[in-house]
Amino acid sequence: MSKKILIFLILLLIFLLSIGSFKAYVIAGEQTRYTAISEHLMLEQGYHQNDTINIDVNYCFSCLVLSYEPWVISVIYEDEPEAIYYYRYSNGEVTQEGLSGSTPDELYHHLEDAPPDIKKR
């Protein structure tokens, strides 16, 4: 086997191991954050599993490059399907970071730690 082929195979192996490691990191991170958000909503906020339409956890490489939080965690609730609530998981803590979209009555029922005139429970 020539040196060029050997070097190519070693570089290919390093590349594949790097991609595999990154993919494993992303899968583990998504699962950890999904579990943390689910527990936060059910145990701390008192929601049931059927109160949400979707809990989405994604790794955003471009966000990391732009110095933003690389994990985008969003929740859509059953009673507010046009509003998306965003959360952050950091140091074992879950915090609500914001929202986008709207509700028909312009009241956001799922805001945490907001003044009472902004939300209605």
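Leu66 sits in the loop between helix 2 and strand 2. In this predicted model, Leu66 counts as exposed, at 57% relative accessibility. Leu66 and Asn54 are 12 residues apart in sequence. In space, their C-alpha atoms lie 26 Å apart.

Ser67 belongs to the loop between helix 2 (61-65) and strand 2 as well. Its backbone stands out: phi of Ser67 is near 65°, a positive value in a residue other than glycine. Most residues other than glycine have a negative phi. Is Ser67 buried or exposed? Ser67 is exposed, with a relative accessible area of 68%.

## Overall layout

The protein has two helices and four strands. Read from the N terminus, the order is α-β-α-β-β-β. The radius of gyration is 20 Å, well over the 14 Å that the globule rule gives for 121 residues, so the protein is more spread out than a compact globule. The C-alpha trace spans about 75 × 25 × 25 Å along its principal axes.

How much of the protein is buried? Buried residues make up 30% of the 121 residues. Now take the contacts between residues at least 6 apart in sequence. Of these, 36% join residues at least 24 apart.

## Surface and charge

The protein exposes about 8400 Å². Carbon and sulfur atoms supply 60% of that area.

Charged side chains number 8 positive and 17 negative. The centres of the two sets lie 17 Å apart.

## Helix 1

Helix 1 covers residues 3-44, which gives it 42 residues. From its first C-alpha to its last, helix 1 reaches 60 Å. That is close to the 62 Å expected at 1.5 Å a residue.

Which residues of helix 1 are buried? They are Val26, Gly29, Arg33, Ala36, Ile37, Ser38, His40 and Leu41. An arginine, Arg33, is on that list. The buried residues of helix 1 pack against strand 1 (52-59), strand 2 (71-77), strand 3 (80-90) and strand 4 (93-101). Just after helix 1, Gly46 takes a positive phi of about 80°.

## From helix 1 to strand 1

Two residues are picked out here. Tyr47 lies in the loop between helix 1 and strand 1. Tyr47 is buried, with a relative accessible area of 11%. Tyr47 and Tyr77 are 30 residues apart along the chain. Their C-alpha atoms are separated by 10.0 Å.

Asp51 is also placed in the loop between helix 1 and strand 1. Asp51 counts as partly exposed, at 25% relative accessibility. Which residues does Asp51 contact, leaving aside its neighbours within four places in sequence? The partners are Tyr77 and Glu78.

The C-alpha of Tyr77 is 10.0 Å from that of Tyr47, and Tyr77 is in contact with Asp51.

## Tyr85 in strand 3

Tyr85 is found in strand 3. Tyr85 is buried, with a relative accessible area of 0%. What does Tyr85 touch, not counting residues up to four places away in sequence? The contacts include Ile73, Ser74, Val75 and Tyr77. Glu80, Gln96, Gly98 and Leu99 are among them too. Tyr108, His109, His110 and Leu111 also touch Tyr85.

Tyr85 and Thr95 are 10 residues apart in sequence. C-alpha to C-alpha, the two are 11 Å apart in space.

## After strand 4

Glu106 is in the segment after strand 4. Phi of Glu106 is near 60°, a positive value in a residue other than glycine. Glu106 counts as partly exposed, at 48% relative accessibility. Ser67, by comparison, has a relative accessible area of 68% and is exposed.

Conventions
Residues numbered from 1 in each chain as written. Predicted model: local features only at pLDDT ≥ 70, side-chain atom pairs only at ≥ 80, totals over all residues. Heavy atoms only, no water. Rg over C-alpha atoms; globule rule 2.2 N^0.38 Å. Buried < 20%, exposed > 50% of the residue type's maximum accessible area, 1.4 Å probe, protein only. Contact = heavy atoms within 4.5 Å. Areas by Shrake-Rupley, 256 points an atom, 1.4 Å probe, with all protein chains shown as cover. Lys, Arg positive; Asp, Glu negative; His and termini not counted. Charge placed at Lys NZ, Arg CZ, Asp CG, Glu CD. Expected span 1.5 Å × (residues − 1).
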